[in-house]
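Hi there,

Here is the structure I promised to send over. Please have it open while you read, and my notes follow just below it.

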Amino acid sequence: MPRPIYMDHHATTPVLPEVRDAMLPFFTEQFGNASSVTHVYGKEAADAIEEARRSIADLIGAAPAEIVFTSGATESDNLAIRGGAHAGRGKGNHIITCAIEHEAVLETCRALEAEGFAVTCLPVDSRGMVDPGDVLRAIHPGTILVTIHAANNEIGALEPIADIGRITREKGILFHTDAAQAAGRVPVAVNGMNVDLLSLSAHKMYGPKGIGALYVRRKVALEPQITGGGQERKRRSGTLNVPAIAGFGKAAEIAKRDLPAEAPRLEALRDRLWSRISERIDGVVLNGPAENRLPGNLNVTFSHVEGEALLMALRETAALSTGSACASGTVRGSYVLRALGVPEEEAHSSLRFGLGRSNTEDHVDRVADHLARAVSRLRTISPFYQEARPS
Amino acid sequence: MSWNIVDYGEIVLDHYENPRNVGEIDGADGVATVGNPACGDLMKLSLRIRGGVVAEARFKTFGCGAAIAASSMTTVLIQGMKLEDLDRITNRSVADALGGLPPSKLHCSVLAEDAIREALADYRRRAAPGEPVEPSGARAAMGTRETAETGV
């Protein structure tokens with residue numbers, strides 16, 4: 001039995017063969033510790049790290065010295081928000097974020113609230129967009145940090161980061177963005193966007209899991225969250241994961257190289273998927289923005305049908321998720337969809353499609369075809385569909 | 001331990017893919033609607049009772065694969081059963097008949113038990129109007145919620 005078509009690229013992406021090949025030498029042969037300055041083993045590792053640092057900096061228009069390696073975007077978010085808040089404590093205690101951030105941001109903000117920081121959680125509109133005017137209005141003299149993600153992992157909304165960055169720059173407030181979903185998929189430029197801190201993840205861009213980075217603008221004060229040997233300019237201690245970093249660097253290099261062709265290709269595929277779905281199935285609603293959206297992202301409500309039941313029907317055809325991968329298996333509908341004003345029962349009837357490099361037109365057509373049949377079958381079982389039909 | 005959608009057993013898959021007794025009975029003798037779509041599942045059960053026996057049971061369910069399978073299995077279990085024996089059907093017997101359900105999906109079988117209790121109470125209300133009937137549906141519905149929250 002062939003494996004189902006993978007359409008969950010917001011959850012993770014496969015490691016590209018070129019990326020794997022870039023990692024392999026650093027497991028068994030060039031296994032040195034990048035901090036070892038007394039022999040060639042250390043030198044090889046340190047060189048690989050610096051090469052990767054350049055590639056990653058290049059992807060987001062940063063300087064290599066501004067890249068701090070972490071274990072992933074969750075740690076990057078923690079370091080940026082907790083580290084930024086703690087370093088700015090003398091200036092104030094107010095943080096601004098928004099309702100549809102990843103849990104890595106929201107939970108960190110909640111933890112800071114418990115420490116005595118004040119957090120303003122901005123609403124989003126029905127498309128999932130933050131209003132930069134809301135950011136401006138929420139800023140007061142005690143505001144020390146604004147954290148708004150670049151792209152949402154469920155509905156693909158691309159937030160107006162450059163507009164928010166102009167405001168925070170003018171006000172002299174630290175600005176962090178979680179770009180785990182955006183980097184490598186849409187152009188990201190730290191200077192054009194005026195961000196001070198930016199979280200990255202390798203496994204969302206065809207690199208390995210367990211490695212990420214935080215861009216830290218030069219001269220930005222950050223309290224380290226992991227202390228020890230003082231690696232990464234004392235911002236993040238711990239022996240560097242050389243193979244993972246080498247893979248991350250290769251993934252960033254490929255992402256930058258391929259983005260101009262891959263982004264429009266995915267956008268066309270995504271639009272084709274939505275056309276096929278909306279032409280063949282009634283009672284479907286597109287969640288999230290029609291424009292300013294991640295190229296491979298689609299989020300759809302199939303009314304009167306529960307999302308997980310639908311995924312079960314598709315389990316041999318396609319690998320998808322309901323809401324965010326983390327919310328699957330919990331009873332409440334996605335908090336992201338609820339923040340957009342999607343009614344709870346419709347949130348339970350929604351699927352997220354995440355298209356990526358491996359997907360083709362044939363995949364899209366097959367999945368849409370199978371969806372149409374599954375929705376139609378499940379609606380014959382649904383108590384709501386009958387009621388919705390004219391008698 | 002985490003559970004995955006691909007872990008369902010054969011019986012659950014069979015009842016999900018080929019659900020038995022889907023529909024609503026016109027002029028049913030006892031009906032129940034339990035669950036809440038805002039919590040992700042809702043089950044409608046309707047019964048035809050003849051001579052103190054469940055002559056026919058039909059369901060419609062909005063819910064995950066386990067909820068659909070539990071609904072279907074419930075109708076199979078109770079069809080042909082004497083009313084006094086219905087008490088023997090619990091969420092556990094529905095789950096067992098399905099070959100087991102993962103902990104996070106046990107609330108689906110609780111939903112099925114709630115539906116049986118509620119439909120039976122509805123039948124008794126109709127059969128003996130004016131007599132107070134224990135509101136088992138309300139109690140059971142609360143149980144559903146508790147299970148749902150602790151089950152994940």
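Below I go through the domains, the cores, the chain contact and a few single residues.

First, some housekeeping: this is a predicted model, in which local features need pLDDT of at least 70 and side-chain atom pairs count only at pLDDT 80 or more, while totals for chains, interfaces and linings use all residues. Residues are numbered from 1 along each chain as its sequence is written, and chains are lettered from A and ligands numbered from 1 in the order in which they are written.

**Chain A and its domains**

Chain A is assigned domain 1 (5–11 + 259–388) and domain 2 (17–255); such bounds come from an automatic or database domain assignment. Taken over C-alpha atoms, the centres of the two domains of chain A are 29 Å apart. In their contact, 22 residues of domain 1 of chain A meet 24 residues of domain 2 of chain A. Two residues count as in contact if their C-beta atoms, placed from the backbone, lie within 7 Å. On the domain 1 side, the elements that give two or more residues are α8, β10 and α10 (335–339) of chain A. Helices (H or I, at least four residues) and strands (E, at least two) are DSSP runs, numbered from the N terminus. That side divides into nine nonpolar, 10 polar and three charged residues. Here Ala, Val, Leu, Ile, Met, Phe, Trp, Tyr, Cys and Pro count as nonpolar, Asp, Glu, Lys and Arg as charged, and the others, Gly among them, as polar.

**The cores**

The largest nonpolar core has 87 residues, and those with the most contacts inside it include Ile56(A), Tyr215(A) and Phe248(A). A nonpolar core is a set of buried Ala, Val, Leu, Ile, Met, Phe, Trp, Tyr and Cys residues joined through C-beta atoms within 7 Å. Buried means that 20 or more other C-beta atoms lie within 10 Å of a residue's own, exposed means 12 or fewer, and partly exposed is in between, with C-beta atoms placed from the backbone. Helix α8 (residues 242–280) of chain A gives the most to this core, with nine residues. Both domains of chain A give residues to this core, so it lies between them.

Leaving out residues up to four places away in sequence, Ile56(A) touches Ile67(A), Leu200(A), Ala213(A), Phe248(A), Gly249(A) and Ala252(A). A second, separate core has 67 residues, among them Leu298(A), Ala67(B), Val110(B) and Ile116(B).

Leu298(A) is found in strand β10 (residues 297–302) of chain A. Leu298(A) counts as buried because 25 other C-beta atoms lie within 10 Å. Beyond its neighbours within four places in sequence, Leu298(A) is in contact with Arg270(A), Leu273(A), Trp274(A) and Phe353(A).

**A covered strand**

Strand β2 (residues 67–70) of chain A is covered on both faces: Ile67(A) and Phe69(A) on one side, and Val68(A) and Thr70(A) on the other, are all buried. Four bridges join β2(A) to strand β8 (residues 212–216) of chain A, and the two run antiparallel; strands pair if DSSP finds at least two bridges between them. Thr70(A) stands opposite Gly212(A) in β8(A).

Chain B has five helices and three strands, in the order α-β-β-β-α-α-α-α. Of its 152 residues, 46% are buried. The contact between the chains takes 24 residues from chain B and 19 residues from chain A. On the chain B side, β2 (41–50), β3 (53–62), α2 and α5 (136–150) each give two or more residues. That side divides into 15 nonpolar, five polar and four charged residues.

Helix α2 (residues 65–78) of chain B is mostly covered, with 12 of its 14 residues buried. Ala67(B) and Met73(B) are among the buried ones. Just after α2(B), Gly80(B) takes a positive phi of about 85°.

**Two backbone angles to look at**

Most residues other than glycine have a negative phi. Tyr206(A), not a glycine, has a positive phi of about 65°, and lies in the loop between β7 (197–201) and β8 of chain A. Tyr206(A) is buried, with 26 other C-beta atoms within 10 Å. Lys219(A) also has a positive phi, near 75°, and lies in the loop between β8 and α8 of chain A. Lys219(A) is exposed, with 6 other C-beta atoms within 10 Å.

Best wishes
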